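Please look through the sequence and the model shown here before reading on. The report below is meant to be read alongside them.

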Amino acid sequence: MRIIKIFDTTLRDGEQSPGASMNVGEKLQVARQLARLGVDIIEAGFAIASPGDFEAIKRIGGEVEGPVICSLARAKEEDIKRAWEALQDAPQKRIHTFHSTSDIHLKHQFRVSREEALKRSVEMVKFAKSFTNDIEFSPMDATRTEINYLCEVVEAVIEAGALTVNIPDTVGYSIPSEFGAMIKTLFDKVRNIGKAVIAVHCHNDLGLATSNSLAAVLNGAGQIECTINGIGERAGNCSMEEVVMALRTRRDVFNADTNIKTEEIMRSSRLVTKITGMYVQPNKAIVGANAFAHESGIHQDGLLKEKSTYEIIRPETIGLHKTKFVLGKHSGRHAFRTRLNELGYSLNDDEINHAFERFKKLADQKKEIYDEDLEALVTDESTSAPEIYRLVDLSVSAGIHQRPTAVIKLKVNDEIIGKTEHGDGPVDAVFKAITSITRTGSVLQKYEVKAITGGTDAQGEVVCSLKEDSASVSGHGSDTDIIIASAKAYINALNKLAARKK
Ligand code: KIV
Ligand code: ZN
């Protein structure tokens, strides 16, 4: 049985999804979960792209144990040096450098010849190799590259020392039979191919990223690049949960598996959803809300008799357990901490104290506290930004014959500022009041509200995305009152934006 390496790029290509940008604390939280999940390599960012990316790579390298930590770098000396600096604290480091190879890119974007592109790729692999042994090279837009030239580039970069060569379907153009054949050609024609791992990196523009990655595995690829929930540039990247569960479920076909602890899949998916504010569609394979829901009577009948009649994956395999009633208002700090540990969260004493206070308030409002409530509470705790703005008080009035009005007080640095505003509805009034206190120039791009569990006493979870100049952030807030949750989400996003500016 071959073990296919999982190279997770949620924090790099995934973060390139519109509106999915994460701050350093959020990236660290995702990276810790990726380590628990058992990914082999974490592409933690693109060091030269921004100081935030640089810091995230550095912190992840210093604090997250297990996977190899990788930074992306263009085939340029300054990029490679910056990647190397960011990786300093990582026990296992990889530099991933890339250069386009398709004529379309070379002619229209880079204005260099094939020979020049080849020469630069080789030089930069050698340059990167002077820092560390673990070098990955990607010929960008490989699937639209003339195949003989692609073979030549792959052979030359392996000769120069690349230990992994990644074949990206950058624009999601390929189809499985063609992509599989391309990987086979590389294995047939590149003399030194045995000296490197062949990786694949598929985008989902035609909805084929998972199928293309699997076709590549059938033809010898040994590493798959993917993201949690398939987030990424445009239509996204190959989805980790799909490709891993396809390999696991159909080991008979692929004769291959991964090191992924599949029981961590659901938690990873929920965490990335919460942090990025990008919800997965209900019918999404593996992690969608309906992925294990059987509606038809015939299916339900079969399942009751024998699960394998209509279930190809047991929900527990991906860490999906029936929602349990866990805690209530009489539960103590010890039970609270124990349940969080069982759910995989390890908080320090301060975080526990703060989260426990919020838990007690929640338990007063809501009789039954579910795992999902705890997860929301902990995510709110650990992904909050330094609080420049803090919600002190809020009341709203609205009704059929009443103009929606919000009266709000915020603490801004050390000063309490109050404001009353009217709006089209209570949320609009609240947002207007917050906008006028904070004088933000940001634009609200997305506002979404969702019930965390069932019942009318459920907590509402609100995600809102803001954009100001080139910075975009998502804030979230949860509360049994969706107006308060909305205010919290907006303030959380404004705090993140303020932290970004600093
Ligand atoms: O899609 C792509 O080609 C990439 C490369 C940088 C590997 O993301
Ligand atoms: Zn990509």
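Predicted model: local features only at pLDDT ≥ 70, side-chain atom pairs only at ≥ 80, totals over all residues.

Residues are numbered from 1 along each chain as its sequence is written, chains are lettered from A and ligands numbered from 1 in the order in which they are written, and side-chain values use heavy atoms, with hydrogens and water left out.

Eight strands form a closed barrel in the order 2-3-4-5-6-7-8-9, and their pairing is parallel. Helices (H or I, at least four residues) and strands (E, at least two) are DSSP runs numbered from the N terminus, and two strands pair if DSSP finds at least two bridges between them. Strand 7 (residues 164–169), for example, is joined to strand 8 by six bridges in the parallel sense, and Ile167 has Val200 of strand 8 as its bridge partner.

The zinc ion (ligand 2) has three protein donors, which lie 2.0 to 2.1 Å from it: Asp13 (OD), His201 (NE2) and His203 (NE2). Donors are N, O and S atoms within 2.8 Å of the metal (3.2 Å for Na, K and Ca), and because water is not among the atoms, sites may look incomplete. Asp13 comes from the loop between strand 2 (5–8) and helix 1 (24–37), and His203 from the loop between strand 8 (197–202) and helix 8 (209–218), so this pair ties together parts that are 190 residues apart in sequence.

| Residue | Relative accessible area | Class |
|---|---|---|
| Asp13 | 3% | buried |
| His203 | 4% | buried |
| Ser102 | 0% | buried |

Ser102 is placed in the loop between strand 5 and helix 4 (103–110). Leaving aside residues up to four places away in sequence, Ser102 touches Met140, Asp141, Arg144 and Thr145, where contact means heavy atoms within 4.5 Å.

Helix 6 (residues 147–160) packs against helix 7 (residues 176–189) at an angle of about 55 degrees, and their axes are 10 Å apart. The residues in contact include Leu150 and Val154 of helix 6 and Met182 and Leu186 of helix 7. Axes are lines fitted to C-alpha atoms, for helices over the stretch in contact, and angles run from 0 to 180 degrees between N-to-C directions.

Conventions. Buried < 20%, exposed > 50% of the residue type's maximum accessible area, 1.4 Å probe, protein only.
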